[in-house]
Number of protein chains: 6
Amino acid sequence: MKGVCFLVTVALMALASSLASASDPSPMQDTCVAIDEPKDAGLDKSGNTSNPVASNVTTVNVEQIKGLNTLGISMVRIDYEPYGENPPHTHPRATEILTVLEGTLYVGFVTSNPENRLISKVLYKGDVFVFPIGLIHFQFNVGKTNAVAIAGLSSQNPGVITIENAVFGSDPSINADVLTRAFQLDKNVVNYLQSRF
Amino acid sequence: MKGVCFLVTVALMALASSLASASDPSPMQDTCVAIDEPKDAGLDKSGNTSNPVASNVTTVNVEQIKGLNTLGISMVRIDYEPYGENPPHTHPRATEILTVLEGTLYVGFVTSNPENRLISKVLYKGDVFVFPIGLIHFQFNVGKTNAVAIAGLSSQNPGVITIENAVFGSDPSINADVLTRAFQLDKNVVNYLQSRF
Amino acid sequence: MKGVCFLVTVALMALASSLASASDPSPMQDTCVAIDEPKDAGLDKSGNTSNPVASNVTTVNVEQIKGLNTLGISMVRIDYEPYGENPPHTHPRATEILTVLEGTLYVGFVTSNPENRLISKVLYKGDVFVFPIGLIHFQFNVGKTNAVAIAGLSSQNPGVITIENAVFGSDPSINADVLTRAFQLDKNVVNYLQSRF
Amino acid sequence: MKGVCFLVTVALMALASSLASASDPSPMQDTCVAIDEPKDAGLDKSGNTSNPVASNVTTVNVEQIKGLNTLGISMVRIDYEPYGENPPHTHPRATEILTVLEGTLYVGFVTSNPENRLISKVLYKGDVFVFPIGLIHFQFNVGKTNAVAIAGLSSQNPGVITIENAVFGSDPSINADVLTRAFQLDKNVVNYLQSRF
Amino acid sequence: MKGVCFLVTVALMALASSLASASDPSPMQDTCVAIDEPKDAGLDKSGNTSNPVASNVTTVNVEQIKGLNTLGISMVRIDYEPYGENPPHTHPRATEILTVLEGTLYVGFVTSNPENRLISKVLYKGDVFVFPIGLIHFQFNVGKTNAVAIAGLSSQNPGVITIENAVFGSDPSINADVLTRAFQLDKNVVNYLQSRF
Amino acid sequence: MKGVCFLVTVALMALASSLASASDPSPMQDTCVAIDEPKDAGLDKSGNTSNPVASNVTTVNVEQIKGLNTLGISMVRIDYEPYGENPPHTHPRATEILTVLEGTLYVGFVTSNPENRLISKVLYKGDVFVFPIGLIHFQFNVGKTNAVAIAGLSSQNPGVITIENAVFGSDPSINADVLTRAFQLDKNVVNYLQSRF
């Protein structure tokens, strides 16, 4: 009978919000919640890719497995239809290491100002790539068949900021003047982009 | 005569690249490079705002003051013309606390998936606001006069990822198909956006 | 409605005690308490300097803005009358970066044993200086007009140990024999110093 | 042309020794060595299991991919013949999250004194399990076919201490009297066990 | 009247379980529980060494002194009869520094794979030795008199994994097939070893 | 033959300066310098107490034992003549846990502003006390015989700031006006205090 422990509050909170941690603090105990019953996580099953980006991320983080609490790691499976993509996003609290199980992926990330250098590569089955913490990155299925990847992330809850959602689809919307000037776009284009969400 | 010390390599590297650290490791010594000669940093002077976003960030980080090395903090002054903005960006390695010295700023940040909640506010002279590590945020001068802000950041080199630069202006460019699908835009619009950089 | 989250206990405790953290642990979520209502912090207003040291520190830390919780940064404004000073003190949990908004300050810090080297400088408007974590430091207004400074600190609650208060003004008092021997003073001088608080 | 950066020394050292880090310090820059050329890591290929434990670990850590330097994560593929096992071991610097790609594994770890509780489970394809940092754990193929697992580890170089190698196979050997008393064994048994390495 | 504070939950939990932390997170306040009443810890008294290994560890960690909470350090006294030993074990969350008060100890630790190098030494009164975090180590009294050592550990609750207990004495037992193959032993020997606990 | 490793630079620097670290970063390898030759540290021998405070601290940190490098812990022995004291000081980078081997000590520390609460106690042989990181603390021998203590500190190089040395004995001296106002003393007293060093 455990009662309370360090970070158990995080587990509770996980029910209501999106967590993440770049370099999670060290644990203060062996384990923090009962981990007798690890999940039948189903990472063997393809996720539902019937969506505009034709991809799906199946997540195993502290929200799915409470036993991950305080342990600073999580895992995902990503499925891609042909030409499907995991669109540009960042993890504010984790670096990601990814290996391709099936298919061919064009992947990349962009370094910070002022270089904004794109580091990209085409990955084949068995290849491994790393996306550093906080940087914008993406994967795109450039093969003619479905693709599948497994990735480890260095946080029990890495957080995801999908760029187009955060910029054009926030709730409430960012004032269109801000985006118009930032992207040097016609205001009608910004309004159109915001109306999509 | 110090010779070498923990993280001195970071200082060297700073000459060639953009650094940052969300929660910098603790220092291992009082100071790491000679700090007898702190910079006449000139944070009393307005930066040059003659640019498309009509704003300027004057930075005091480990690249400007070597004595900041290993100490986990830096400072900036931001100037804004009327309707000028510090466009949507993230700091992969720092939280930012900002106070308004002059003018009126509409500021905000967006939380991560799936909420993408916009937390925004109009700040007047003397107000303070905080932008959490890794989240997309902006400031926009909604007053009729110039605005000035001072901000502290929790890293000796926080890093800056300006969204429009990283997504549409990387070097080399991200394949237009990736952006077309991600933003659900006509490919001509994407090509146009990429041509601006 | 958040409920609980990592470190919320710190916010509660903040009501009753002085907190601080040199290199705060990384956050485990985007934000930890509602931050819809950032403070009208009033950093544009001079603090009350009618006191023996003729200076005043206006603090914006996790006690003033709950949204700073888990984010590892805070800010202060310091006002000084002519010849006013922020007397020798340490922050057990933060490095400080300071810029002068108005006036002229003689500032410095002392490194640890056995060197006890004083690093000092006269700062003018716009200059920047850094006080490393845990070291004794001070600012002294050597100009003929009031001075104002803004500083960022690398903790949500840096803690302040003012040397003369901690040594001669603790509650209860340190046994006078301890101080007499440490400072090699006449016991009457120690008793006199302790009687001031 | 990067030159030097934080922790590059670790990469150099990796050529000569076994590294690992439970909760690696946060990075101080986007990336630390050129990562234009991620490895054709070959995680799609089965490792050589012709050895006494009939299993093989293919590692992708900072020794294989220099670009992992400072990023705090690594990945392995583990192959098991029927009744093959990854014998009891610890990672002094990482928690491990594992998913089964093929086959059926009996896995477990033991908590610290005084409970020494065994947490074990039979995992099928797609299941996920976590081994907390520093605890003794193992996987055993209880199926009639080969098994394959992929695991993420929360360090760029987690370190491996295989119990039987460290205790009975160290170089030079631990004095047999120490082991005889510790394991309450006949000294001949200890000598026999040590002679196997 | 404190109420709650960062990590107070750990103190509560300490009543029921074995904690430890390799590099404990930094504290967020001066102290976290009342520390007006430090323990008469009795480190001057010899522990009871009437047990199979003829040694005893008297621990002063966060379970004994609540004031250690969040402070990242603890202390032990170890007593050894002649030929008594502190058998091979690891601390998953702490490095240990040890000094000999009385007697003569043969001490050592083994580095991780693939070297498994034994670093050992005979220590006399006043000597100091360090056991790095997570590595298997031991002390053995090779003198003809009782020995006494004092050690500091870099965690408020370092955790102890005694190898023979964790491997052969877990509750429930590890399947004997796993140990038989790992140690390349006859199954009867494994069954015998397991029956001892 | 190791070559280079993480933090080896710290070891080099240790020859020239005073280091310390409150919560040292986690190590990235088992050990960082050859540790085949631990020091005959001589903690069994009394230090030389012929000095104004009639006490002596014998230190075993990374300057004495290179093998402590990156391991985040150190140890000291303190000797006190009757009425000798370890005068008020802080460790900017470590918490300290102390046990009394011989004699009777009046010990204490003062919490930070605004409470400045003195937590003190008389310790007898075998008692244990903890001094939290960054707080001013002292030990005073109130017995009629010599006293001896052993302490562990949570850093490979904790740093020491002796208050009277740092404030009145820095090199060069702090401007006397600063100290006069801070301590509300006659300037002659300040000049006298400064002349002692």
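Select helix α3 (residues 176–183) of chain C together with helix α4 (residues 187–195) of chain C, where the two pack at an angle of about 120 degrees with their axes 9 Å apart. Two packed helices are described by the angle between their axes and the distance between the axes. Axes here are lines fitted to C-alpha atoms, for helices over the stretch in contact, and angles run from 0 to 180 degrees between N-to-C directions; helices (H or I, at least four residues) and strands (E, at least two) are DSSP runs, numbered from the N terminus. This is a predicted model, in which local features need pLDDT of at least 70 and side-chain atom pairs count only at pLDDT 80 or more, while totals for chains, interfaces and linings use all residues. Residues are numbered from 1 along each chain as its sequence is written, chains are lettered from A and ligands numbered from 1 in the order in which they are written, and side-chain values use heavy atoms, with hydrogens and water left out.

Stay with this pair, and show the side chains of C:Ala176, C:Asp177, C:Leu179 and C:Thr180 on α3(C), which make the contact (heavy atoms within 4.5 Å) with C:Lys187, C:Val190, C:Asn191 and C:Gln194 on α4(C). Coloured by class, this contact of α3(C) with α4(C) has three nonpolar, three polar and two charged residues, where Ala, Val, Leu, Ile, Met, Phe, Trp, Tyr, Cys and Pro count as nonpolar, Asp, Glu, Lys and Arg as charged, and the others, Gly among them, as polar.

Next, go to chain A and select A:His89, A:His91, A:Glu96 and A:His137, which UniProt lists in an unreviewed entry for "binding site"; such positions are given in the numbering used here, feature names are shortened, and annotations may be inferred rather than shown by experiment. These residues span 49 residues in sequence, yet no two of their C-alpha atoms are more than 12.0 Å apart, so they gather at one spot.

Now centre the view on A:His89, which has its place in strand β3 (residues 85–90) of chain A. Is A:His89 buried or exposed? A:His89 is buried, with a relative accessible area of 3%, where buried means under 20%, exposed over 50% and partly exposed in between (1.4 Å probe, protein chains only). Leaving aside residues up to four places away in sequence, A:His89 touches A:Leu135, A:Ile136, A:His137, A:Val160, A:Ile161, A:Thr162 and A:Ile163.

Finally, show chain A and chain B together: chain B can be laid on chain A with an RMSD of 0.0 Å by a turn of 180 degrees and a shift of 0.0 Å along the axis, the copies being superposed by least squares on the C-alpha atoms of residues with pLDDT of at least 70 in both. The two copies are therefore related as by a two-fold rotation axis.
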